[in-house]
Amino acid sequence: MESHKPQDESQLAEILSEASAKGTPLELEGLGSKRGFGRPFQADGTLSLAAFSGVSLYEPEELVLTAGAATPLAEIEPLLEEAGQMLAFEPADYGPLLSGQASDRRLDSLGGLIACNLSGPRRPKAGAARDHVLGLRGVTGQGACFKTGGRVVKNVTGYDLCKLLTGSFGTLAAMTEITVKVLPRPEKTRSLLFSGLSAETANQLFNRALGSAYDVSGAAHLPAPLAAASNIDLVSGLGEAVTALRLEGPEPSVMARQAGLTALLAALAAPVEELHATRSLAFWKALRDAQPFVSRAKTAIWRLSLPPASGAAAVAALDLDDSDYWLDWGGGLLWLACPESAPQPPALAATLQALGGHATLVRANEGLRAALPVFMPQAEGVAALAGRIKASLDPKAVLNPGRLYAGL
Amino acid sequence: MSLVMPKPDESVMARRAALAASLREIVPGEGVIDQAEELAVYESDGLTAYRQPPLLVVLPETTQQVSEVLAFCKREGVKVVPRGAGTSLSGGALPLADGIILGLGKFNRVLEIDYDNRCAVVQPGVTNLGITQAVQHAGFYYAPDPSSQIACTIGGNVAENSGGVHCLKYGLTTNNLLGLEVVLIDGTILRIGGKQMDASGYDLLGLLTGSEGLLAVVTEVTVRILPKPPSARALLLGFPTSEQAGDCVGAIIAAGIIPGGLEMMDKPAIHAAEAFVKAGYPLDVEALLIVELDGPEAEVDHLIAQVARIAEEKGATTSRASQDEAERQSFWAGRKAAFPAVGRISPDYYCMDGTIPRKALPQVLERMREMSEKHDLAVANVFHAGDGNLHPLILYDANKPGELERAEAFGADILTLCVEVGGVLTGEHGVGVEKRDLMSQMFDETDLAVQQRVKCAFDPDSLLNPGKVFPELHRCAELGRMHVSRGKLRFPDLPRF
């Protein structure tokens with residue numbers, strides 16, 4: 001296996017241009033934390049983007065940050081925190097989940113995060129990673145260096161290739177530089193905990209809370225066994241299933257909304273506990289990074305994106321055991337675990353067919369990832385179009401070929 | 001007009017009657033328009049400086065008809081210009097002499113409202129405001145609010161990725177969509193996304209939004225709807241200089257406050273608006289800010305006080321917080337009437353739409369004053385200060401020989417300046433034909449070729465809305481043979497159109 005490590009865009013262009021001429025497939029690599037994410041595929045070499053690292057522009061008052069694709073989030077986050085800002089989509093770090101090993105610092109890069117479009121619990125309110133990418137520089141499979149987007153929030157100049165590249169798993173272009181929108185961190189964060197609810201009642205609670213003007217920025221449900229394993233004492237101490245709603249903002253606003261929300265939900269359930277500041281932050285960070293499943297050995301981990309009101313219906317249709325799932329995004333995100341040796345949820349395809357949405361096999365051994373669709377198959381017309389898009393930017397299929405879908 | 005469009009295909013124009021007859025077999029009766037006086041209705045959109053009657057107008061009623069019309073046009077090599085309400089300010093729906101207008105006006109139904117999933121499924125001809133009207137009784141609304149929202153359609157909003165005054169907090173169209181049904185030029189019907197938050201595979205939803213009708217025709221849209229904030233208050237702030245107003249905006253954001261609306265007007269715009277609607281604007285200031293906070297009452301009151309303090313520190317000479325809904329509306333009345341107000345003091349005006357990094361505002365306004373002298377035309381500025389989107393209104397008189405050309409040259413200078421200071425050519429109006437020839441100010445040949453190759457994946461014969469967005473048309477076969485050298489694509493020299 002040849003390993004390439006270009007130092008600048010023109011070297012990167014040359015490597016890709018040559019790879020295209022020879023038809024040599026390459027595996028793109030930032031910091032390598034998501035190596036096991038996606039379909040297994042054959043590459044003749046690796047292409048490290050590690051040299052494209054560092055924050056080149058950060059203007060807090062303009063709400064904008066530009067950094068090289070391989071810049072560690074561990075470098076970006078403290079910088080933002082110092083200025084009281086954040087990436088509002090709560091970038092998820094799947095590094096520990098994919099490696100099965102907890103880590104006390106983030107291992108991921110900005111480019112990897114964007115290439116996989118990973119968003120955390122604030123997604124229903126703040127949007128996904130893709131909603132925060134303002135501009136990009138990159139190199140196509142043929143070795144053409146290009147830029148798209150800009151550094152301002154409001155921009156409709158040309159096609160939005162930022163969105164096309166976000167979540168493309170490195171199959172269309174090698175990104176070298178990314179410009180993202182940043183936002184102020186909320187002054188206060190507080191989570192209301194409800195205990196002992198069924199998934200169905202929890203989902204009703206979500207529908208009502210997220211359909212209200214109380215601006216809920218996190219809505220998750222942990223069945224009893226997962227709540228018991230929480231590293232937050234006030235969560236594990238409840239001894240039952242825990243449903244959490246998060247409120248963020250200026251203090252008077254959080255207080256007023258807490259009162260309003262509690263009254264609104266009174267007919268369904270009453271909060272039994274509150275998480276303030278540090279505890280609230282730690283609780284949502286754990287869910288963001290799928291911590292409940294990190295150390296579960298020999299287990300396949302699935303992530304289902306669903307119409308939010310259907311989260312509990314999916315739990316019922318899949319007949320999930322309480323220790324094997326939790327709901328986030330107000331029911332719109334269902335995490336589930338299934339022993340690798342067992343048949344993978346047989347009702348998965350039928351459930352998604354009935355409810356809408358799609359599934360991603362986030363973690364599994366290579367055999368399972370080769371045998372099962374890691375990303376759900378697309379409708380024929382959509383798949384054909386995706387193939388033509390791949391062919392227009394990477395005609396010789398040298399960039400991560402097959403990582404997303406066979407033939408892409 | 002100075003605009004050069006692709007050379008009309010004589011053979012298509014010669015077959016006009018036969019094409020009309022065939023199209024009537026797909027869309028019967030009045031769905032195909034071929035009479036000159038009726039075609040004239042469609043000869044321009046919101047950018048009225050350019051006019052061209054279309055070959056024919058087709059008004060389908062079903063997705064199946066759209067599919068058959070497009071497949072037919074592809075077979076016959078007929079160009080297609082999609083059109084919603086025709087409110088584009090960049091000429092996105094400007095017809096072609098050898099192309100049909102595909103009007104989506106009959107797709108005007110709200111198909112489903114799903115409050116539990118906080119979304120609505122609508123046809124593309126539903127107006128932007130129509131969506132909010134369909135859900136407001138339940139306390140919901142659709143967030144993007146372009147100023148033409150009473151007339152513009154959601155299909156057009158998708159094509160242009162329309163914005164509005166609340167973008168900084170609530171995003172553009174692209175941030176408020178969940179799904180689309182679209183038809184490709186070969187007639188293929190695709191469904192993308194749904195009611196779930198993230199779609200799988202490539203983000204076609206994101207790519208199609210803002211593609212200005214060059215990639216596909218939208219036949220159904222699933223939008224996010226949001227609970228309406230329970231209260232809103234506005235602050236009216238006047239400053240002796242635009243620098244101070246700009247500083248104040250920066251300080252508000254640095255304090256961690258993202259207002260729902262944050263608008264700035266310069267002196268000519270303030271005076272025009274005040275003369276027109278008597279909003280009570282101070283006339284002795286150089287810049288006026290309207291800062292609107294929305295959300296729970298406790299939050300709004302808290303933040304209004306904070307913003308007022310910041311404004312005082314930054315030297316505001318006028319500071320008034322709205323005490324009731326009527327007063328809030330009156331603060332907005334002048335801003336919302338800014339365009340017609342300028343229309344009152346000038347026979348014609350030309351509305352520009354660049355975006356700049358906010359800190360560059362004083363420099364841009366200064367340079368604009370110099371340009372105003374050079375081109376001998378006045379300019380008034382309204383500015384979405386929160387997101388850097390600038391709308392200079394150039395005042396001219398189309399009846400005076402040479403003034404339109406001078407206004408266009410002035411506009412081009414302004415947009416070039418926007419790019420020079422790190423901004424972009426268009427924030428929300430789209431490239432269309434208006435900014436097409438300026439694309440090379442922002443993108444090099446390779447940047448544009450990469451975009452055009454994506455176009456080839458959708459429309460290899462370049463039949464959907466050709467002549468818009470890109471300054472040069474390249475055949476897809478040529479783009480496929482392009483030679484890459486040192487990271488840049490090399491073309492043989494090609495004539496423009």
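## Terms and model

A residue is buried if 20 or more other C-beta atoms lie within 10 Å of its own, exposed if 12 or fewer, and partly exposed in between, with C-beta atoms placed from the backbone.

This is a predicted model, in which local features need pLDDT of at least 70, side-chain atom pairs count only at pLDDT 80 or more, and totals for chains, interfaces and linings use all residues. Residues are numbered from 1 along each chain as its sequence is written, while chains are lettered from A and ligands numbered from 1 in the order in which they are written.

Ala397(A) counts as partly exposed because it has 17 C-beta neighbours inside 10 Å. Ala397(A) sits in the segment after helix H16 (380–393) of chain A. Helices are DSSP runs of H or I with at least four residues, strands are runs of E with at least two, and both are numbered from the N terminus. The phi of Ala397(A) is positive, near 50°, and the residue is not a glycine.

Asp376(B) also is no glycine, and its phi is positive at about 55°. Its place is the loop between helix H14 (361–375) and strand S18 (379–384) of chain B. Asp376(B) is exposed, because 10 other C-beta atoms lie within 10 Å.

## Where the chains meet

Chain B has 80 residues in contact with 80 residues of chain A. Contact means that the C-beta atoms of two residues, placed from the backbone, lie within 7 Å. Elements of chain B that give two or more residues to this side include helix H9 (242–254), helix H11 (297–313) and strand S21 (488–490). H17(B) gives the most, with 8 residues.

The side of chain B that touches chain A holds 32 nonpolar, 31 polar and 17 charged residues. Here Ala, Val, Leu, Ile, Met, Phe, Trp, Tyr, Cys and Pro count as nonpolar, Asp, Glu, Lys and Arg as charged, and the others, Gly among them, as polar.
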